[in-house]
Amino acid sequence: MKNVVEIDFNRCKECGYCIRFCPKGVLSKGEKVNKKGYYPPVVGDGCIACGTCARVCPDTAITVYKED
Amino acid sequence: MRKYVYKRPEVFTDAITTYCGGCGHGIVNKLMAELIDEMGLQENGILVWPIGCSCLSDRYYDMDAYMALHGRAPAAATGIKRADPSKCVIVYQGDGDLVSEGMAEIMHAGIRGEKFTVIFINNAIYGMTGAQMAPTTLLGQTATTAPAPLGRIVDNSGYPVKMAEILAELPGVIYSERVTVNSPQRIIACKKALKKAIQLQLDGKGMSFVEVLSPCPTGWKMAPTKALDWIDDEMTKVYPLGVIKDASKEAE
């Protein structure tokens, strides 16, 4: 079972809510710029698929799923 | 096989919102979309949008919507709901729209006890027009029309308006609650309040009103995560959270 956080790269507006509320500190500031000029976060290891990042994202840019 | 923990609500179109990064409108729009999916309102619901940052929101939802003029959303919703009471009518308004431009409309809709749901986004500022002072701006808060160092002062512009308390006084309003969206727990609580408000409408009991304290990082000139703290530090002191009125049991 693998936990996946998928970020819609061009939908993100870099508010940082997901980074702030991730209980495991999986997300961190990104370095690649998207179409609108924002820097979407990058996903690291250790995700427990709680879905908090997706629930706080104002732009519904995050999808969380578990994959077999 | 994929097991989704969180997936974009199906009622949403592919449009990217015009909100700024970290805007509370986006969170509340998303909660509404989740509830529309869960409660099966896509066919049976009509959304009434206001003037303000959320005036382009009809394009985010694949369902019926009406865009009312400045502050007139409750008046338009009255017509829609009376013409077809079987529809679930959800009115969405910001603070400039509901409190300042449309004070008369919301008050009289409450006085008449119209049976729809009003979602009121209170971010204590006029967001779209460029951070001018709204009737809900806190005392001492700076805005482009209430500049530093004084900010809003009583002698010039009076006191912040507490809509959830004012509407709770009206017999026609059966449910009034104030929530916020500045943490994951409170987002869940906000969704619960919205669900209850919509359910009361479906049960045909009277007007239900939910005020959401919402961050406006651009208008407040703060980083988005700092705006979340500002709601805790300043806004909730003036606008206390909680259920202000729940007459749904007596209305039976």
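The entries go from the conventions to the interface, then to the sheets, helices and backbone.

**Conventions.** I am working on a predicted model, in which local features need pLDDT of at least 70, side-chain atom pairs count only at pLDDT 80 or more, and totals for chains, interfaces and linings use all residues. Residues are numbered from 1 along each chain as its sequence is written, chains are lettered from A and ligands numbered from 1 in the order in which they are written, and side-chain values use heavy atoms, with hydrogens and water left out.

**Interface, extent.** I looked up the contacts between the chains, where contact means heavy atoms within 4.5 Å. On chain A, 28 residues are in contact with 33 residues of chain B. The two chains bury about 2,500 Å² between them, 56% of it on carbon and sulfur atoms. Buried area is the accessible area (1.4 Å probe) that two parts lose on being put together, summed over both.

**Interface, polar part.** I then listed the residue pairs in polar contact between chain A and chain B and got 17, both residues at pLDDT 80 or more. The term stands for a pair of N or O atoms within 3.5 Å; within protein, one must be able to donate a hydrogen and the other to accept it, and residues adjacent in sequence count only if both atoms are side-chain atoms. α1 (17-21), α2 (52-56) and β4 (62-67) of chain A each supply at least two residues of the side of chain A that touches chain B. β4(A) gives the largest share of that side, six residues. By class, the side has 12 nonpolar, six polar and 10 charged residues. Here Ala, Val, Leu, Ile, Met, Phe, Trp, Tyr, Cys and Pro count as nonpolar, Asp, Glu, Lys and Arg as charged, and the others, Gly among them, as polar. Helices (H or I, at least four residues) and strands (E, at least two) are DSSP runs, numbered from the N terminus.

**Salt bridges.** My cut-off is a side-chain nitrogen of Lys or Arg within 4 Å of a carboxyl oxygen of Asp or Glu. The whole structure has 14 salt bridges over all chains, and the count between chain A and chain B is two. In one salt bridge, the side chain of A:Arg20 meets that of B:Asp229 at 2.7 Å, N to O. Inside chain A, I found A:Lys13 paired with A:Asp59, the closest N and O atoms being 2.9 Å apart. This pair links distant parts of the chain: A:Lys13 is in the loop between β1 and α1, A:Asp59 in the loop between α2 and β4, 46 residues apart.

Which strands make up the open sheet of three? The order is β1(A)-β4(A)-β1(B), with antiparallel pairing. β1 (2-7) of chain A and β1 of chain B stand at the edges with a single partner strand each, so one side of each is left without a neighbour in the sheet. The twist averages 30° from one strand to the next. Two strands pair if DSSP finds at least two bridges between them. β4(A) has six bridges to β1(A) and four to β1 (residues 2-6) of chain B. A:Lys66 has A:Asn3 as a bridge partner and B:Lys3 as its partner in β1(B). A:Tyr65 is partnered with B:Tyr4, and A:Val64 with B:Tyr6.

**Sheet in chain B.** I read the order of the seven-strand open sheet as β3-β2-β4-β5-β7-β6-β8, with mixed pairing. Its edge strands are β3 (65-67) and β8 (242-246), each pairing on one side only. The twist averages 15° from one strand to the next. β6 (residues 173-180) runs antiparallel to β8(B) over four bridges, and B:Ser176 has B:Lys245 as its bridge partner there.

**Helices in chain B.** α1 (residues 24-39) packs on the sheet, touching β2 (45-49), β4 (88-94), β5 and β7 (207-213), and its direction makes about 175° with that of β4(B). α4(B) also packs on the sheet, touching β4, β5, β6 and β7, at about 140° to the direction of β7(B). α2 (residues 73-83) and α4 (residues 103-112) pack at about 35°, with their axes 8 Å apart. Axes are lines fitted to C-alpha atoms, for helices over the stretch in contact, and angles run from 0 to 180 degrees between N-to-C directions.

**Backbone.** I noted a cis peptide bond between B:Ala148 and B:Pro149, omega about 5°. B:Ala131 has a positive phi of about 60° although it is not a glycine. B:Pro149 is in the loop between β5 (117-122) and α5 (154-157) of chain B, and B:Ala131 is in the loop between β5 and α5 too.
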